[in-house]
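Good morning, and thank you for the time.

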Amino acid sequence: MTINNKEFRPKDITIRDDAWQKKKNFYHIETWYFDGIFTNNYSVIALVSILTLGNFGFIQTGCYVYKDTNLVFVNRERPRYKKIYGSENKPLIKIKNRDIINGQVDENTKNWIYQISIGDTNSGFDLQFKKTMKAWKGQHKLGNWIVIPHFDIKGVIHVNGKDIDVVGHGYHDHNAYPIFSPAFSKGYHFGKFPIDSLNITWARVLNRFSGEQKIFVLNREDDFVNINSKDIQFTIEKQSKDHGKLIPDIFSIVVDNDILKLNIKMETLNIDHVHLPFLKYWRYHVRYTGDIKLDSISKKIDQVDISEYLRFL
């Protein structure tokens, strides 16, 4: 696996790209991330991370449920590496013979459907993710990034033994990084949000020695458009110190070119610092406000979504 220093270039994928890449890269880290935001003000995160070291490795799973942006519970496990099965042909991760991630193409509609089942009936969730926008992948400074930017979600979350039916929307990405990537990158700042039939995914990949790689991908209808980094302006307007690092509190994004005019502000509603080995990681619930103009369409933005900030030690 190589590290990319050039302009981010997303391209089409098949569902097989979201499978485990064990045989392709013997020494790397892969993470499958899913989130969901629901109409009843609950939100969830599911994570499966695998560190592969040849025929050995380590696993970390995470199951998080939030209510009104506040953490309700977290369930994190570190099963033994020999207890995992991962398909290299489709998105299928089994741990202790239980399907945690199971993605497949519907035979009738040809749509991608994922079943995510994590945690237990006391604290966990069982959700169906149905893809609504075109997926893409690309390489950035850290490694490979696979993105399915928007899903319709339905299912059940389990909170303190109580079953709660939920509907809403969500996001999924799959990262594959070589184990030496922290030598070239300090981390990343990432977010996304839907606007009716549009979806925006953005990221700042923080270079170790100079500057940052700016990424901004717009999904509309059944297509995606990459915005040149020269047309993107990220500005940290306010920051604070947390767990020994300065982290963004208020942040703005401006895009101005022939395709898109966007001016948004991202304000922190709540931060969850997640303890992970060898890095610092913050999960944000944020409110996006501003406006967007695309072709003849103009819209106001007022949207709550989830963002992340990660720094390697």
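Predicted model: local features only at pLDDT ≥ 70, side-chain atom pairs only at ≥ 80, totals over all residues.

Strand β10, residues 123-131, runs antiparallel to β12, and nine bridges join them. Strands here are DSSP runs of type E with at least two residues, and helices are runs of H or I with at least four, numbered from the N terminus; two strands pair if DSSP finds at least two bridges between them.

Residues are numbered from 1 along each chain as its sequence is written, and side-chain values use heavy atoms, with hydrogens and water left out.

With β11, residues 136-139, β12 pairs in the antiparallel sense over four bridges, and Gln 139 has Asn 144 of β12 as its bridge partner. These two strands form a hairpin with four residues between them, and Gly 143 in the turn has a positive phi of about 160°. On to β13: 14 bridges join β12 to β13, again in antiparallel fashion. That hairpin has two residues between its strands, and Asn 160 in the turn shows a positive phi of about 55°.

Which residue of β13 is the bridge partner of Ile 148? It is His 172, which is found in β13, residues 162-178. His 172 counts as buried because its relative accessibility is 0%; buried means under 20% relative accessible area, exposed over 50%, and partly exposed in between, with a 1.4 Å probe and protein chains only. The side chain of His 172 makes a polar contact of 2.7 Å with the side chain of Asp 18, and also reaches the backbone oxygen of Tyr 33 at 2.8 Å. A polar contact is a pair of N or O atoms within 3.5 Å; within protein, one must be able to donate a hydrogen and the other to accept it, and residues adjacent in sequence count only if both atoms are side-chain atoms. Leaving aside neighbours within four places in sequence, His 172 is in contact, meaning heavy atoms within 4.5 Å, with residues including Trp 32, Phe 34, Tyr 114 and Phe 151.

I turn now to the nonpolar cores. A nonpolar core is a set of buried Ala, Val, Leu, Ile, Met, Phe, Trp, Tyr and Cys residues joined through side-chain atoms within 4.5 Å. The largest has 37 residues, of which Ile 101, Tyr 114, Phe 125, Leu 127 and Ile 157 touch the most other members. Strand β12, residues 144-159, gives the most to this core, with six residues. Beyond its neighbours within four places in sequence, Phe 125 has contacts that include Val 44, Cys 63, Tyr 64, Ile 116 and Ile 157. There is also a second, separate core of 28 residues, with Phe 193, Ile 264, Met 266 and Leu 294 among them.

Next, the aromatic residues. A search of the whole structure finds 17 aromatic pairs. The rings of Trp 136 and Trp 145 have centres 5.4 Å apart and planes at 85°, so this pair is edge-to-face. Rings of Phe, Tyr and Trp (its six-membered ring) pair if their centres lie within 6.5 Å; planes under 30 degrees apart count as stacked, over 60 as edge-to-face and the rest as tilted. Trp 136 is buried at 0% relative accessible area, and Trp 145 is buried at 3%.

Two charged residues lie over rings, which requires NZ of Lys or CZ of Arg within 6 Å of the ring centre and within 35 degrees of the ring normal. Lys 131 lies over the face of Trp 112, at 4.9 Å from the ring centre, and Arg 283 over that of Tyr 64, at 4.3 Å.

Finally, is Lys 96 buried or exposed? Lys 96, in the loop between β7 and β8, counts as exposed at 56% relative accessibility. Apart from neighbours within four places in sequence, Lys 96 is in contact with Pro 79 and Lys 83.
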